[in-house]
Amino acid sequence: LDQIARAEEMGFGSVWLTEHHFCEDGYTPSPLVIAGAIGERTTSMRIGTNLIVLPLHDPVRIAEDAATLSLLTGGRFDLGVGIGYKRPEFEAFGRELKFRPSMLEDSCEIIRRGWSGQKVNYTGKRFSLGDLPITPAPESPPSLFIGGMAEPAIERVARIGDGFLSTGAIGLDTYIAALERNGK
């Protein structure tokens, strides 16, 4: 946290947190908790996740926590998500790898609807909600960035995301072409 506060003083404009579980290499299992602490220690730096393994989480809870972070940080929080790939994480959380794409899509839709301030009615492939008021509503919804490396994942990002989380510009050309195909 001291390093991040100092980075802001030096002019860095953002900090990004990555979620993984059962690792000893510096990844955090709790990026939203750390994002809250960063928000308390900084004043202008954008705070984002790059990324949260969304299929491991309840989308209602992510919508609530991200909206709360947005409010606490004066709109400086951006939510970055992805489908994940580590089998031990999915097994430990009782989730199936094969359902990652539909879990991500359902979750993104629930999160967006949850941030609207309206009650959420949704039936998808993996989640169903009826007349659920998800609170708080952020003053301005966070950007919903999505990561991906495979072509179908990048197509999904162009279709449902606010932006693409790329590693080393991998897939950037594919993303730009997918944006054009989606009229963006």
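Let's start with Val33. Val33 sits in helix α2, residues 31-41. Helices here are DSSP runs of H or I with at least four residues, strands are E runs of at least two, and both are numbered from the N terminus. Is Val33 buried or exposed? Val33 counts as exposed, because its relative accessibility is 61%. The cut-offs: buried is under 20% relative accessible area, exposed is over 50%, and partly exposed is in between, with a 1.4 Å probe and protein chains only. Leu69 is 36 residues from Val33 along the chain, and their C-alpha atoms are 9.2 Å apart.

A word on the source. This is a predicted model: local features need pLDDT of at least 70, side-chain atom pairs count only at pLDDT 80 or more, and totals for chains, interfaces and linings use all residues. Residues are numbered from 1 along each chain as its sequence is written, and side-chain values use heavy atoms, without hydrogens and water.

Now the annotation. An unreviewed UniProt entry places "domain: Luciferase-like" at residues 2-180. Such annotations may be inferred rather than shown by experiment. That span is 41% helix and 19% strand, and its end C-alpha atoms lie 42 Å apart.

Helix α3 is residues 59-72, and helix α5 is residues 100-114. Their axes come within 9 Å and cross at roughly 40 degrees. That makes α3 oblique to α5. Angles under 35 degrees count as roughly parallel, over 145 as roughly antiparallel, 65 to 115 as roughly perpendicular, and the rest as oblique. Which residues meet? From α3, Pro59, Val60, Ile62 and Ala63; from α5, Ser107, Ile110 and Ile111. Contact means heavy atoms within 4.5 Å. Those contact residues are six nonpolar, one polar and no charged.

Second pair. Helix α6, residues 151-160, and helix α7, residues 172-181, have axes that come within 8 Å and cross at roughly 45 degrees. So α6 and α7 are oblique to each other too. In α6, Glu151, Ile154, Glu155, Val157 and Ala158 make the contact. Their partners in α7 are Thr174, Tyr175, Ala178, Leu179 and Arg181. That contact divides into six nonpolar, one polar and three charged residues.

Last, the inside of α6. The buried residues of α6 are Ala153, Ile154, Arg156, Val157, Ala158 and Ile160. What do they pack against? They pack against α5, α7, β7 (144-147) and β8 (163-165).

Terms used: Axes fitted to C-alpha atoms, helices over the stretch in contact; angles between N-to-C directions. Nonpolar A, V, L, I, M, F, W, Y, C, P; charged D, E, K, R; others polar.
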